[in-house]
Amino acid sequence: MLRVLLTNDDGIEAEGLQTLRRALVALDDVELAVVAPDENQSATARSISIRRPLWVQEVTFEDDTVGYACDGTPVDCVRLAALGLIEGFEPDLVVAGINHGANLGDDITYSGTVAAALEGIMLGVPGIAVSQQSTRRELDFRLGHQFVFDSAAAFVARVVDRLDDVPLPEGMLLNINVPAGEIGGVEVTRLGKRIYQDRLDLIDEDTGRKLYRVYGDSPVHDDDPGTDLAAVSAGRIAVTPLHFDLTAEHGMEALREFDLAQLLEADDVDPTT
């Protein structure tokens with residue numbers, strides 16, 4: 001029996017989560033638990049609630065199964081489940097989504113969806129983050145309003161169903177992005193590069209303060225073959241393996257060539273002069 005924790009960052013009532021929940025409940029040999037935010041927590045990344053306790057409320061779904069809504073972040077939700085919120089349940093897999101909007105390229109560092117799956121890696125269990133492009137086929141997670149989640153839910157359910165036969169490597173999560181419309185295939189990709197077009201716009205002024213809008217037009221991207229951005233743009237599902245180790249291995253030798261130990265030595269120069 002595979003114990004799957006389902007969460008998201010759009011909130012427990014979000015249609016993306018509910019569509020995926022129904023697909024996962026239908027799988028044999030899967031024990032599903034749902035712990036998700038009680039409201040939208042998009043772009044919270046790996047934020048956690050350390051200055052206050054967390055409210056949790058049991059929620060009954062349309063099929064009379066239950067989940068748990070938390071007033072914290074997606075990472076809080078994963079932590080709650082891992083620490084014993086549901087008696088007798090310890091997750092073997094964390095699935096986050098389906099996010100309302102794509103999580104591609106540099107955007108993944110902002111994503112609460114990806115962060116929840118990443119928390120699974122921190123806990124020693126595999127993670128899957130899944131996001132759906134809107135029907136407008138935009139590549140910006142901020143702009144979409146209409147979504148069709150059925151194909152994404154069916155694909156992820158099949159991935160989960162195969163994990164016993166093809167387990168994920170230790171310390172790795174899958175970031176899955178599903179294009180809108182007819183799907184033209186599946187591609188294993190690397191992260192693409194965003195080109196952000198943010199700007200500082202003064203919106204209003206009040207006594208002693210100013211109101212600014214920071215985030216501007218939808219970001220564009222380099223259409224580099226092999227990237228998640230290029231795959232989704234071409235109508236293919238992008239499956240990108242991610243891991244937590246952010247070490248810049250290519251810079252370590254250059255740093256070793258610099259005598260960092262000399263910075264510990266007393267300065268010959270009198271700082272008062």
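These are my notebook entries on what I looked up in this predicted model.

**Ground rules.** I number residues from 1 along each chain as its sequence is written, and I use heavy atoms for side-chain values, with hydrogens and water left out. Since the model is predicted, local features need pLDDT of at least 70 and side-chain atom pairs count only at pLDDT 80 or more, while totals for chains, interfaces and linings use all residues.

**Overall.** I find six helices and 13 strands in the protein chain, where helices (H or I, at least four residues) and strands (E, at least two) are DSSP runs numbered from the N terminus. The C-alpha trace spans about 75 × 50 × 45 Å along its principal axes. Of the 273 residues, 46% are buried; buried means under 20% relative accessible area, exposed over 50%, and partly exposed in between, with a 1.4 Å probe and protein chains only. I noted an accessible surface of about 15100 Å² for the protein chain, 51% of it belonging to carbon and sulfur atoms; the areas come from the Shrake-Rupley method with a 1.4 Å probe, and for residues only the protein chains shown count as cover. Taking contacts (heavy atoms within 4.5 Å) between residues at least 6 apart in sequence, I see that 75% join residues at least 24 apart.

**Cores.** I next looked up the nonpolar cores, each a set of buried Ala, Val, Leu, Ile, Met, Phe, Trp, Tyr and Cys residues joined through side-chain atoms within 4.5 Å. The largest has 37 residues, and those with the most contacts inside it are Leu 20, Val 95, Ile 128, Val 160 and Ile 176. Elements that each supply at least two residues of this core include strand E1 (2-7), helix H1 (15-25), strand E5 (93-100), helix H4 (150-161) and strand E13 (237-242). H4 gives the most to this core, with seven residues. Apart from this core lies another, of 23 residues, with Cys 77, Ala 96, Leu 118 and Ile 121 among them.

Which residues does Val 95 touch, leaving aside its neighbours within four places in sequence? I list Val 4, Leu 5, Leu 6, Thr 7, Leu 20, Ile 128, Val 156 and Val 160 as its contacts.

**Helix H2.** I find helix H2 (residues 74-82) mostly covered, with seven of its nine residues buried. The buried ones are Pro 74, Val 75, Asp 76, Cys 77, Val 78, Leu 80 and Ala 81, and what covers them includes E1, E2, strand E3 (56-60), strand E4 (66-70), E5 and H3. Just after H2, Gly 84 takes a positive phi of about 105°.

**Largest pocket.** A pocket, on a 1 Å grid over the protein atoms alone, is an open set of points where a 1.4 Å probe fits, with protein on both sides within 12 Å along at least five of seven lines, and its lining residues have an atom within 4 Å of a point. The largest has a volume of about 290 Å³, a volume being the space filled by probe spheres set on the points, which are joined across faces, edges and corners. Of the 14 residues lining this pocket, the closest to its centre are Ile 108, Thr 109, Val 114, Leu 118 and Leu 246. Helix H3 (residues 112-122) gives the most to the lining, with three residues. By class I note ten nonpolar, three polar and one charged residues in the lining, counting Ala, Val, Leu, Ile, Met, Phe, Trp, Tyr, Cys and Pro as nonpolar, Asp, Glu, Lys and Arg as charged, and the others, Gly among them, as polar.

**Leu 191.** I placed Leu 191 in the loop between strand E8 (186-188) and strand E9 (194-197), and Leu 191 is partly exposed, with a relative accessible area of 34%. Setting aside neighbours within four places in sequence, Leu 191 is in contact with Gly 105, Ile 108, Thr 227, Asp 228, Thr 240 and Leu 242.

**Backbone entries.** Most residues other than glycine have a negative phi, and most peptide bonds are trans. I recorded a cis peptide bond joining Gly 97 and Ile 98, with omega about 0°; Ile 98 is found in strand E5. Ala 45, in the loop between E2 and E3, has a positive phi of about 50° although it is not a glycine. Is Ala 45 buried or exposed? Ala 45 counts as buried because its relative accessible area is 18%. Arg 137, in the loop between E6 and H4, has a positive phi of about 60° and is partly exposed, with a relative accessible area of 37%.
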